[in-house]
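Dear colleague,

I am passing on the structure we spoke about, and my notes on it follow below. Please read them with the model open beside you.

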Amino acid sequence: MSKSLHPEIKQFKSFVRNNPHVLRDVKNESKTLQDLFEEWKLFGEEDDIWDSYLETSENEDSEEKSEEKNKSDSTKDIDVLNMLKKMNLNDLQHHLGQFTTVIGSVQELIGQFKQQQPSQTQTPPPPERPSSFFGFRED
């Protein structure tokens with residue numbers, strides 16, 4: 001013999017399916033489904049009490065996301081440290097020396113171009129401004 005559920009229970013189940021955030025206190029074991037059902041029956045689906053469940057749920061979600069971000073940041077730090085441990089410092093010093101030599105060569109080349117250009121390109125003097133914008137009134 002199977003009993004069919006009471007219509008109010010079916011409506012409550014539908015409400016919970018559409019608003020899973022209301023189950024937060026049940027998961028935390030601070031309330032039972034019976035307590036939630038009684039609140040739902042007393043206040044109805046449209047009451048502001050359910051918004052408080054949603055806001056708290058969103059705050060918990062944002063806290064979880066920030067914790068995950070902190071974990072991923074610390075994982076990145078560990079990865080960088082492991083990479084530095086594996087690095088051969090002699091090779092790094094050799095490559096930095098080569099890089100410094102290349103930068104010096106580029107600076108020298110730019111300096112040679114700058115010495116050749118001043119004679120070719122001179123900036124023209126600024127145009128003369130009249131002493132007064134209203135020169136026609138001067139006597």
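Which residues make the nonpolar surface patch of about 730 Å²? In this predicted model, the patch is made by Val80, Leu81, Met83, Leu84, Met87, Leu89, Leu92 and Leu96. (A patch joins residues with over 30% relative accessible area and no salt bridge, nonpolar side chains being linked within 5 Å; a salt bridge is a side-chain nitrogen of Lys or Arg within 4 Å of a carboxyl oxygen of Asp or Glu; areas come from the Shrake-Rupley method with a 1.4 Å probe.) Helices H4 (49–86) and H5 (89–116) each supply at least two of the patch residues, and the largest share, 4 residues, comes from H4. Helices here are DSSP runs of H or I with at least four residues, numbered from the N terminus. Leu92, which is found in H5, counts as partly exposed because its relative accessibility is 33%, where buried means under 20%, exposed over 50%, and partly exposed in between.

The largest nonpolar core has 9 residues: Phe12, Phe15, Val16, Val22, Leu36, Phe37, Trp40, Trp50 and Tyr53. (A core is a set of buried Ala, Val, Leu, Ile, Met, Phe, Trp, Tyr and Cys residues joined through side-chain atoms within 4.5 Å.) H1 (7–18), H3 and H4 each give two or more residues to this core.

Residues are numbered from 1 along each chain as its sequence is written. Local features need pLDDT of at least 70 and side-chain atom pairs pLDDT 80 or more, totals for chains, interfaces and linings use all residues, and side-chain values use heavy atoms, without hydrogens and water.

Best wishes

Notes:
Patches are made of residues with over 30% relative accessible area and no salt bridge: like charges are joined within 9 Å, nonpolar side chains (Val, Leu, Ile, Met, Phe, Trp, Tyr) within 5 Å. Buried means under 20% relative accessible area, exposed over 50%, partly exposed in between (1.4 Å probe, protein chains only).
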